[in-house]
Amino acid sequence: MAKLLTVFGATGVQGGSVIRAVLADPALSKSFKIRAVTRDASKAAAKELVEKGVELVSADMGSPSSLADAVNGTDTLFLVTLPDFVTGLAPGTEFEHGKNVADVARDAGVQHLVFSSLINVTDASNGRLPHVAHFDRKADIEKYIRSQDIQATFIQPGYYMTNFTNLQLLRKGDDGSYTLAGPTHGSKAQLPLFYPDSDMGKYFVAVARNPSQTMGKQIHAAADYYTPARVMAEFQEVTGKKAQYVQLDHDVYKSFIPPPIAQELLENELLCEDPGFFAGGSLSEGHRLLAEAGLAPTTWKEFLESQREAFA
């Protein structure tokens, strides 16, 4: 009998990636029945999941009772939480949501919880970067999960490749050339580039195929560490467009960002220079798990090839 996999954030980038990857995997698609949890079942993305044979349930992460119903009978659970600056909810809400899901997972006897986590930047930087709340809250949730009687694995996704396109970080000039501007040194910052749309699912599949190897571990998920200079050199190589990286003064960088999140995003970038996005963590364990599953992370060049039309 198939086990139940419950996926939070099912209509979002990471949760959607997990569901697509499991459905595409010959073994896991047979061993798991998928339940998708969403707050809005009327979304087009939610209806598409139903068409694929996925069970759809609605739940409010602020409501433990609705979460208990959503998690009931679950063997394996994928959890991703949204930062407070994304949801617009009160500071601390992200942690409350993560704690609520962890509590119901514990009480329901979930056998394996896979959480999309991040490092505690305040701790890793010895207090130098105290404002990266969307990292710190995920680290707090991970710490809470570890304090409970829950078997868990923590996938830490890297720097989204899609930031460069969705957030228009690559700016096209009047002469057709492209510029990437940031507050870090072009050859010192190390960005662990990660394509969430496809690769969160790959890492989940690799973990789900080898749960005994990954329980309690942090899996750093990224193709490689890229300097900003390498990002632009490979961009130029793939697209044929002239490209450059420009380092900005911190205040100038913040002037391009909405004030409420400017300091947080500045420190998020500075993290990539010191102490590091994963605080120096190696990518090798994740790559090994992917290889054992016959998978590989999407490289920056491969991502750019898939986005050629955006830079035509």
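What follows is a chat about a predicted model, covering its sheet, some salt bridges and a surface patch.

Student: What's the strand order in the open sheet?

Tutor: The order is β3-β2-β1-β4-β5-β6-β11, which makes 7 strands with parallel pairing. Keep in mind that this is a predicted model.

Student: OK, and which strands stand at the edges?

Tutor: Those are β3 (55-58) and β11 (218-221). Each has a single partner strand, so one side of each has no neighbour in the sheet.

Student: How many degrees does the twist average from one strand to the next?

Tutor: It averages 20 degrees.

Student: Let's go to β1. Is it mostly covered or open?

Tutor: Mostly covered: 5 of the 6 residues in β1 are buried.

Student: How many bridges does β1 make with β2, and how many with β4?

Tutor: β1 and β2 run parallel and pair over 6 bridges. With β4, also in the parallel sense, β1 has 3 bridges.

Student: What does Leu5 stand opposite on each side?

Tutor: In β2 the bridge partner of Leu5 is Ile34, and in β4 Leu5 stands opposite Thr76.

Student: Which helix lies across β1?

Tutor: Helix α6 (residues 93-108) does, and it also lies across β4 (76-79) and β5 (112-116). Relative to β4, helix α6 runs at about 180 degrees.

Student: Is Arg35 buried or exposed?

Tutor: Arg35 is buried, because its relative accessible area is 10%, under the 20% cut-off. Glu55 comes out at 26% relative accessibility, so Glu55 counts as partly exposed.

Student: How many salt bridges does the count come to?

Tutor: The count comes to 18.

Student: What does Glu142 form a salt bridge with?

Tutor: With Arg146, where the closest N and O atoms are 3.0 Å apart. Both residues lie in helix α8 (residues 133-147), 4 residues apart, which is about one turn of the helix.

Student: What about Arg288, what's its salt-bridge partner?

Tutor: Glu292, with the closest N and O atoms 2.8 Å apart. Arg288 and Glu292 sit in helix α15 (residues 284-292), again 4 residues apart, about one turn of the helix. Arg288 is partly exposed at 33% relative accessible area, and Glu292 counts as partly exposed at 45%.

Student: Last topic, the surface. Which residues form the nonpolar patch?

Tutor: Leu82, Phe85 and Val86 do, with about 280 Å² of accessible area together.

Student: Where does Val86 lie?

Tutor: Val86 is in helix α5, which covers residues 84-87.

Conventions. Residues numbered from 1 in each chain as written. Predicted model: local features only at pLDDT ≥ 70, side-chain atom pairs only at ≥ 80, totals over all residues. Heavy atoms only, no water. Pairing = 2+ DSSP bridges. Helix = DSSP H or I, 4+ residues; strand = E, 2+ residues; numbered from the N terminus. Axes fitted to C-alpha atoms, helices over the stretch in contact; angles between N-to-C directions. Contact = heavy atoms within 4.5 Å. Patch = residues over 30% accessible without salt bridge, like charges linked within 9 Å, V, L, I, M, F, W, Y side chains within 5 Å. Areas by Shrake-Rupley, 256 points an atom, 1.4 Å probe, with all protein chains shown as cover. Salt bridge = Lys/Arg side-chain N within 4 Å of Asp/Glu carboxyl O. Buried < 20%, exposed > 50% of the residue type's maximum accessible area, 1.4 Å probe, protein only.
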